[in-house]
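Please keep the sequence and the 3D view at hand while reading.

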Amino acid sequence: MGHTIQDVAEAAGVSTSTVSRAFTRPDLVSAKTRQRILDVAAQLHFSLSRSAAALKSGKSLRIALLMSGKMNLWFISSVFEGLNEVFHEAGYDVSVFQISSVDERKEFFQTLPVQRNADAVIVSSFSIDHNEVAQLNSIGIPIVGINADNSKELGFTAGVNIDDIHGSEIAARHLIQLGHNNIVYVSTHREVSLHFSVQNRIDSFVSYCAHHGISLRTIACEVDTDGQYNISDIASQILAMDPLPTAIACQEDGIAIPLQFLLERSGLHIPQDISLVGFDDAAYSADLGLTTIRQNPIDMAKKAAHMTLSLIEGKELDENFVVEKAELIVRSSTTRPRS
């Protein structure tokens, strides 16, 4: 059994409250006494629990991260990396809540307001409705979105978003300016109750093409319970098209990269036969020469984390809702269609 705070107090010749203050309020303990307590604590391998520090501060020292994808996805893992880097330094833990069903979603929004075991909620690429926002607002903690749909209109406290609409428009414009008018758009197919910010990408791409007289063909990529995309089915649908598209735009690089491999394995050449555009500039996109829309989820998460910490401390932000600029990165996966 490990040593207790009473053991440290006895060995150091002080009260348990003095030991507690040496860890949580060192300014109230003389330097000499605190050093003696720390030396004894080190010898006894004792450390004050985080729960005690939390009680002292009135905070849980925990951030709830609400997301829908698996941690092995590039965007989700990058968001977690950025958040954890900032919050860990500030003494906070990040608790991840993965929502993959309607029941899990219902349980989260019923449980968190009752337990009150988080100082803030961060919603990443996940849409929550007015009632769910109201449930979280009822406990008076900040709600910060990262690529969350309509976060400002829904009553979030703050948010950091990529400009999905502009990003999709410049991707569509790039293909149209190259001369493509036979374009397929590949998106994910998910439950309406668990839709994501990427819906803006789809809608804006389709709208931009329609405005320029191009009738777009769309394909919905199925997602299994493990969050894996059925890319082979997408490749089969594209190969069965008559005529074949001259260009394919994908909702994200996580679809575009494996799709490129499958199409080339089937005998097609990218971009000579079909141009390919992604969205994200994820890992390996540059290595494969994928033309894509760049976003930096690590930097977005860091910015959201700093905003969250300020809100927890009751500080006002210079800007509560930040929209990051989308950037077209042209590489070797796009070219003019064959005449």
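This is a predicted model: local features need pLDDT of at least 70, side-chain atom pairs count only at pLDDT 80 or more; totals for chains, interfaces and linings use all residues.

Residues are numbered from 1 along each chain as its sequence is written, and side-chain values use heavy atoms, with hydrogens and water left out.

**Helix packing**

Helices (H or I, at least four residues) and strands (E, at least two) are DSSP runs, numbered from the N terminus. Two packed helices are described by the angle between their axes and the distance between the axes. Here the axes are lines fitted to C-alpha atoms, for helices over the stretch in contact, and the angles run from 0 to 180 degrees between N-to-C directions. Angles under 35 degrees count as roughly parallel, over 145 as roughly antiparallel, 65 to 115 as roughly perpendicular and the rest as oblique.

Helix α5 (residues 74-89) and helix α14 (residues 297-312) have axes that come within 7 Å and cross at roughly 40°, and the two helices are therefore oblique to each other. On the α5 side the contact (heavy atoms within 4.5 Å) is made by residues including W74, F75, V79, L83 and F87, and on the α14 side by residues including P297, I298, A301, A305 and L309. By class, this contact has 11 nonpolar, four polar and three charged residues; Ala, Val, Leu, Ile, Met, Phe, Trp, Tyr, Cys and Pro count as nonpolar, Asp, Glu, Lys and Arg as charged, and the others, Gly among them, as polar.

In a second pair, the axes of helix α11 (residues 231-239) and helix α12 (residues 253-265) come within 9 Å and cross at roughly 55°, which makes α11 oblique to α12. The crossing of α11 and α12 is right-handed. I231, S232, I234, A235, I238 and L239 of α11 meet I255, P258, L259, L262 and L263 of α12, and the residues of this contact divide into 10 nonpolar, one polar and no charged.

**Helix α9**

How far apart are the end C-alpha atoms of helix α9? They are 21 Å apart, in agreement with the 21 Å that its 15 residues (164-178) should span at 1.5 Å a residue, the expected span being 1.5 Å times one less than the number of residues. The buried residues of α9 include D164, G167, I170, A171, H174, L175 and L178, where buried means under 20% relative accessible area, exposed over 50%, and partly exposed in between (1.4 Å probe, protein chains only). G179, which follows α9, has a positive phi, near 110°.

**Single residues and their surroundings**

The table gives the relative accessibility of some residues that are also described in the text.

| Residue | Relative accessibility | Class |
|---|---|---|
| V19 | 0% | buried |
| S151 | 4% | buried |
| V186 | 0% | buried |
| D281 | 15% | buried |
| Y284 | 59% | exposed |

V19 has its place in helix α2 (residues 16-24) and, not counting residues up to four places away in sequence, touches I5, V8, A9, V14 and I37.

S151 lies in helix α8 (residues 151-154), and, leaving aside its neighbours within four places in sequence, is in contact with F156, N161 and F321.

V186 is found in strand β6 (residues 183-189). Residues up to four places away in sequence aside, V186 touches I219, C221, I234, I248, A249, C250, Q251 and I255. The C-alpha atoms of V186 and Y92, 94 residues apart along the chain, are separated by 39 Å.

**Loop backbone**

D242 and P243 are joined by a cis peptide bond with omega about 5°, and P243 lies in the loop between α11 and β8 (247-250). The peptide bond from I270 to P271 is also cis, with omega near 10°, and P271 is placed in the loop between α12 and β9 (275-277).

D281, in the loop between β9 and α13 (285-288), has a positive phi near 60° although it is a residue other than glycine. Y284 lies in the loop between β9 and α13, and its phi, near 80°, is likewise positive in a residue other than glycine.

Terms used. A crossing is left-handed if the near helix is turned anticlockwise from the far one by less than a right angle, and right-handed if clockwise.
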